[in-house]
Amino acid sequence: MKIFVVAAFLGSPSACFGFVAPLTTSTYYKEVTAPILPLRVVSDLKKSTISKHDDTPSRTVPFTISFDEICLEDIPKVGGKTASLGEMIQRLQPLGVDVPGGFGVTSSAYDAVLDQLHLREQLGVKLESLDVSNLERLAEVGRECRKMIMEVGLPEDVRNAIESAYTEMCTDGSQCSVAVRSSATAEDLPNASFAGQQASFLNIIGPSAVADAVLECFASIFTDRAITYRAHNNFDHLKVKGAVAVQLMVRSDLASAGVAFTLDPDTGFRDVCVITGSYGLGESVVGGKVDPEEVQVFKPMIGKVEDPIISRRIGRKQTSIIYTDGDSKERTKTIMTAEEDQARRSFSDEDTKQLAQWCVEIERHYSLLHGHPTPMDIEWAKDGITGQLYIVQARPETVRARQEANAFRQTTVKQIAKDSIIDGTAIGSDAATGTACVIESLSDISKMSKGEILVADITNPDWVPAIRMASAVVTNRGGRTCHAAIVSRELGVPCIVGAKGATELLKNGIKYTVDCSRGATGRIYEGEASIEKNVISINDLPQTKTKIQLILADPETAFLHSSLPVAGVGLVRQEFVTANAIGIHPNAVLFPERLDEDERRLIEEKAKNDNSPKAFFVRRLSEGIGSIAAAFYPRPITVRLGDFKSNEYRRLIGGEHFEPEEENPMIGLRGASRYLHPDYVDAFNLECEALLHVRDRMGLDNVQLMVPFCRTTEEANGVVNALAKNGLKRGKDGLKVWCMCELPSNVFAIDSFASFFDGFSIGSNDLTQLVLGIDRDSGELAHLFDEENEAVKTAIREAIQGSKRNGKLVGLCGQAPSDKPDFAEFLVSEGIDSISLTPDAVITAIDIVAKAEKKACA
């Protein structure tokens, strides 16, 4: 595929560039290599000391410029936020991306303010030798700088220009409602976000009020947090100039708003859009005041399939921010969200798909513009009067986008004996220990010492100096796109948001471990755990002929592990997805009349946002499997059909009404026998419905299936036919059906089984159990359980040879190859095609298998 670039587009006051590039989401990261529009802004602004002001051409720039006359090259004039809004209006609005109009107040207006009464020189003296680690002195200097700007005020010509631009923008003659947002010249750059460092004001009405808000934005260039950020990033305080975006407000106070990332912000996984939202103005989400909705969309399938959504999570949405009455001095207020609204979604699947499509367009545009992949951090809003969606802000994501490619970072938390005290949403994939410091208000930040765990209800930009000192951050409220999450990622601080009750449960002076290393759920443990951190260069790992694949059970860890150098997932433990993501026995959603009242009520509560409990079951199972399939797409993932035993199914909600009490469930009603049993056929059909949804409606045709515990060829034939009746016909659209080779009958009759399946996966645990006659759950016999026993190795050898004889692929699922080099060498010498292991064993296994292959060839 080619990229066609149009050299230039003339017509705006500055040199703006355009292009024509029909790119697809799944390929454009690889195609974009040559710089199209180099940005030199950052190097111009960075300097380790404060320099004297240099008289730049910005003095010739008007004090205000309409968005539709601005593009990204205008950052020195209007700042990052405004330049990005103008860029989208000029380049993306014609493609259908709706952006509210407005105007920018330029850096030349800011210069005019600082030119009064030698203000620039006075500010320079104040900031010359400031130590930002001295929080008291920082607060004092910041307060003095802001006061000086507010007292000097706007020059008359600047105020007149702002008021005139506002009046012109309100085209119907009324006084329109606008957002007045800081847009400093070092804000929203590809490698410096300055997120939330300066002020923003919402629902401002009237020309005088807008001008006053602009002045406050100029003063906010010297907030404590902004001064600290510039100091830590070596930006010259006086070369970073104030600018402001004045944008028409969207009536999201009557609907919803939120934030979207065009990658997973915690793992860096690039093929997903993460969209969060809540009721009311977007500040609820950005400021971490609520636990928002979160929906994930698989980018390569946007616009191609019926359902590209791979995950939906309902947030608590505790409060919402709305407009106040016209007579109120405060223009917005926070109200509690009604209980029935908390329980339902604040934006629909159709909204999600539209937003995801726009996000892809925005990311594609900025990637081409910058000449390299540019994931984006995007704010959106829905108008409650018209129902129209809008993009109100877009900036480059600056944390994961800067991380070194081909490096796998692995954090392992060990020596945890107790259950977690509290859980929340994990930010990042790191962990830390420290003493808790519970901060109730901003005035208490000075009590905090470096290396402590900051525990708070929520944070806002004023808390940045404290976050910088923290070993970890924990908040009661917030989602993955809130302020605490964004800043913690940027600073590399482990963070857990939405940990309800953290400020009450965690005690000052007590040591805790904050663990974000195990997927989307962050956990807090009492005490100081052992933490191991490794950075592994994937390029340094040896190549192996034997395919290394993963064993996965938790969809929440899929994005985290997708960067591992594996050929796919050899075993998805579907029953664990059912247990963890659903928790309901499949028959319980099909036959509710057999349940007691409490069980029915519990199931109805879980399914309240779906059309029925059955629809809930199918959706949650398809999302769990779909998340894993998307993480590794187009690499194959092999989903083992549900393989719980009857005693494990009994633990699910309603399970006791449908499961027998077996003396030895390990060799009882499980696997293929269950799927064909008349009492469980309907439950199996439900499982198939979810799998078909993943392959057909989500478009994830990298999903393969595997039949476990298949005792006879009659069962093999029955299950394959049952799958076909449910639309999962072997061979259709490339569908492969494998068999777990874990019973002696599978080994002895492998030539007969081969006619029903595309391959075999040796389940070493069950095969060892049944060859040696050992209950693998028995502690008394654990010393006899050995995959290297000669009888077990003979069975494995026969299985490999039988598979090869019939032209079938054969792999092995189990931990033994990574723990026992001799066993890995045995498998390689016998010609095994693949080995599947848990993620923590992959790196070790690659090295062991590579050495075994080298020895086999010697």
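**Buried elements and nonpolar cores of the predicted model**

Strand β9, which spans residues 309–313, is mostly covered, in that four of its five residues are buried (under 20% relative accessible area, with exposed meaning over 50% and partly exposed in between, for a 1.4 Å probe and protein chains only). Helices (H or I, at least four residues) and strands (E, at least two) are DSSP runs, numbered from the N terminus. The model is predicted, so that local features need pLDDT of at least 70 and side-chain atom pairs count only at pLDDT 80 or more, whereas totals for chains, interfaces and linings use all residues. Residues are numbered from 1 along each chain as its sequence is written, and side-chain values use heavy atoms, with hydrogens and water left out.

Strand β9 pairs with strand β8 (residues 293–298) in the antiparallel sense, over four bridges, where pairing requires that DSSP find at least two bridges between the strands. Within this pairing, I309 of β9 is the bridge partner of V297. Strand β7 (residues 272–279) holds S278, which is buried with a relative accessible area of 1%. When neighbours within four places in sequence are left aside, the residues in contact with S278 (heavy atoms within 4.5 Å) include A255, V285, K317 and S346.

The largest nonpolar core comprises 98 residues, of which I637, F757, I762 and I796 touch the most other members; such a core is a set of buried Ala, Val, Leu, Ile, Met, Phe, Trp, Tyr and Cys residues joined through side-chain atoms within 4.5 Å. Helix α20 (residues 613–632) contributes the largest share of this core, 10 residues. Apart from neighbours within four places in sequence, F757 is in contact with V707, C710, A716, V720, R730, V737, W738, C739 and K808. A second, separate core contains 46 residues, among them V158, C217, I227 and V244.

In helix α30 (residues 821–830), the residues F823, A824, F826, L827, V828 and E830 are buried, and their cover includes α28 (790–805), β29 (809–813), α29 (816–819), β30 (834–837) and α31 (842–857). Helix α30 is followed by G831, with a positive phi near 90°.
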